[in-house]
Amino acid sequence: MSFEVAIPTRVAPAILPGSGGLRSALSDLFWRKPKLLLLLMLLPPVLWLGIVYIGSLFALLLQSFFSIDEFSGLINRQFTLKTYGDLLQAANLDIILRTVTMAALVTFASAIIALPIAYYAARYARGRWKALFYLGIMLPLWSSYLVKIYAWKLILAKEGILTWLLAKLHLLWLLDGWLSLPIVGGNSLSVSSTGTFIVFVYVWLPFMILPVQAALERVPGNLVEASSDLGASPGQTFRNVLFPLALPGIVAGSIFTFSLTLGDYIIPQIIGTSRLFIGQAVYSQQGTAGNIPLAAAFTVVPIVIMGFYLWGAKRMGAFDAL
Amino acid sequence: MTSAVSFQKVSRHFGNVRAVDMVDLDIVPGEFFAMLGPSGSGKTTCLRLIAGFEQPTSGSISIFGERAEGVPPYRRNVNTVFQDYALFPHLNVLDNVAYGLMVRGVGKPERQKAAEEALSLVRLPGYGARRPSQLSGGQRQRVALARALVNQPKVLLLDEPLGALDLKLRENMQEELKSLQKALGITFVFVTHDQGEALSMADRVAVFNDGKIMQIGTPEDIYQRPKTRFVADFVGSSNVLPPDFVQRYSGQHRWGSLRPESIRIGRSAKGDGVAARLVSTNYLGATTRLALDADGLRLHAIVPAGATLPKEGEAVVLTFNRDHLHLMDEPA
């Protein structure tokens, strides 16, 4: 068999000459020494992370081991555990307990709300619906955090739309009953812990949905089929296959929801009771009270809690499916 | 006797696409049944209909005499070996194999013992503690097989399970699957696009095309006596002969088929040989495959390696035993 169309032979050297100039020389150099390029690219962010970021965190840690002179209000730059002793006073422990409980509840609620949304997005949403999903999740993040919180204050207020809606549905007794409970209740939702909780969940929910969706996206659909094929009911498939595989995503999301709640000081200030959260304590200690060491010690609390949290999550095998 | 699987006028449509179109099928208990066809021919959809992942648009399916429409996969005593194995990445090999027993509430010591036995059956004893990601493709395939077999299914479905393996491993697994099926006596339904695999392993083969079954029969039937041009062409690439050509040798105006190994190559016409030209030769190891041009009709012949062959482009004369010329049912 012979080809009737001949391919024109090009006259070209086997090795092409460089285009000359500095750029060509640099390109060749980087090609021969790829690690050099990597070093050049990583140096600025590593410097930033190492010095500015970790460095200031270290300075903060250092501050917590100083103490304040109660009479002069001056900082005594000698290492002591006195500030940590102050931290363990009942009033401060109360703040820590309240904040951690709130963070845990917000995380739990976010995970429960996020799972079905993320599952739908990962498994069924395609094309336009997927775009709509991302838009729906991200859109609230585009508007100002403060505006959203004040909007919620109006929604949750006694004269707000929620009370109005419940009145129309003749369900006001439900709200009143809830608000008359201790701890979670109050005069209206906007000045109750329940209100704080609702707004926290609203604000941090996207940070839970996105990692869970990413985790579920990576679960091949045929694992669900295989589980069903082997005799597992949909509930068993969820417990034994989907949930364990979504767990790294839930843990990743919970790191956001948990630590953001631990550190936030604006939401509990605008919505909720007058009882303090860690963030507010830090804010008032370093501002009004001028007690930088105690503020620093308060800041160490979320870091330690998150450290234990991640350690526990790792031990539970949350990262095994990564 | 009740069929292991029975399809009556089963169709499965996806929008306008008739993935499975009025299929009738009866699979005998204990047989090794292969569904053979090109991709998109409906064979995998048929498998998924048996497993319960798809529901028929119309028609009825029964498994061992029991109606299966509307029955979810987890209530069917049928297990599948998936094409890409679908092993659970978060469980070790033993827990993967024991999964079916676990969801059925079998106690831990009992199900682990059964899983160990199943792993021994597929010749992977002692691999229980490993993760699927630590296994080779062939080992994963065996784990998937053990995971299905440990449930003692009434029917085992295999969706191109050997497709991802290399040739040597594939040949080994073919023999192993075959002997395993003989030993266990479980009905195997095997989907493949590899005609060699289907012919060598199955007791019976169904050839699929365009959502329909073109022919069901023993491998010999399918290979020696294809009913249609599609089957002749798809299963082992028979020479498909047009009615005019066939009429000259058999007196009947019908489509015919001729196996490539039935053609003999000569240099001079003795009697009524077919004049042709040798177009190209392909060395295949044990045999050599010749492409021939007989006055515009493309033919293939397979001759044993070592035979002295004419050069490419030379004129040759083809002869064949008249008995080997098979007449197909397909109308001219």
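In what sense do strand 1 and strand 4 of chain B pair, and over how many bridges? In this predicted model, strand 1 (residues 5–14) and strand 4 (residues 58–63) of chain B are antiparallel partners, joined over five bridges.

Next comes strand 3 of chain B. Strands of a sheet pair through backbone hydrogen bonds, and the pairing can be parallel or antiparallel. Strand 3 of chain B runs parallel to strand 8 (residues 187–192) of chain B, and five bridges join them. Within this pair, B:Met35 has B:Val191 as its bridge partner. Strand 3 of chain B also pairs with strand 9 (residues 204–209) of chain B, in the parallel sense and over four bridges. Here B:Leu36 has B:Val207 as its bridge partner.

Is strand 3 of chain B enclosed or left open by the rest of the structure? Five of the five residues of strand 3 (residues 32–36) of chain B are buried, so this strand is largely enclosed. In a regular strand, side chains alternate between the two faces of the sheet. In strand 3 of chain B, B:Phe32, B:Ala34 and B:Leu36 point one way, while B:Phe33 and B:Met35 point the other way, and all are buried.

From chain B, at least three residues come from each of domain 1 (5–228) and domain 2 (237–327). Leaving out residues up to four places away in sequence, B:Ile50 touches B:Val5, B:Val78, B:Val155, B:Leu157 and B:Val189.

The two domains of chain B have centres 38 Å apart, taken over C-alpha atoms. Another sheet of chain B is open and has three strands in the order 11-12-18, with antiparallel pairing. Strand 11 (239–241) and strand 18 (326–327) of chain B stand at its edges with a single partner strand each, so one side of each has no neighbour in the sheet. Strand 11 is joined to strand 12 (residues 256–258) of chain B by three bridges, and the two run antiparallel. B:Asn239 stands opposite B:Leu258 of strand 12 of chain B.

The last part of the tour is the contact between the chains. Here 20 residues of chain B are in contact with 19 residues of chain A. On the chain B side, strand 6 (78–81) and helix 2 (93–103) each supply at least two residues. Helix 2 of chain B provides the largest share, three residues. What classes of residue make up the side of chain B that touches chain A? It has 11 nonpolar, six polar and three charged residues.

Note on methods
Residues numbered from 1 in each chain as written. Chains lettered and ligands numbered in written order. Predicted model: local features only at pLDDT ≥ 70, side-chain atom pairs only at ≥ 80, totals over all residues. Pairing = 2+ DSSP bridges. Domains from an automatic or database assignment. Buried ≥ 20, exposed ≤ 12 C-beta atoms within 10 Å, placed from the backbone. Contact = placed C-beta atoms within 7 Å. Nonpolar A, V, L, I, M, F, W, Y, C, P; charged D, E, K, R; others polar.
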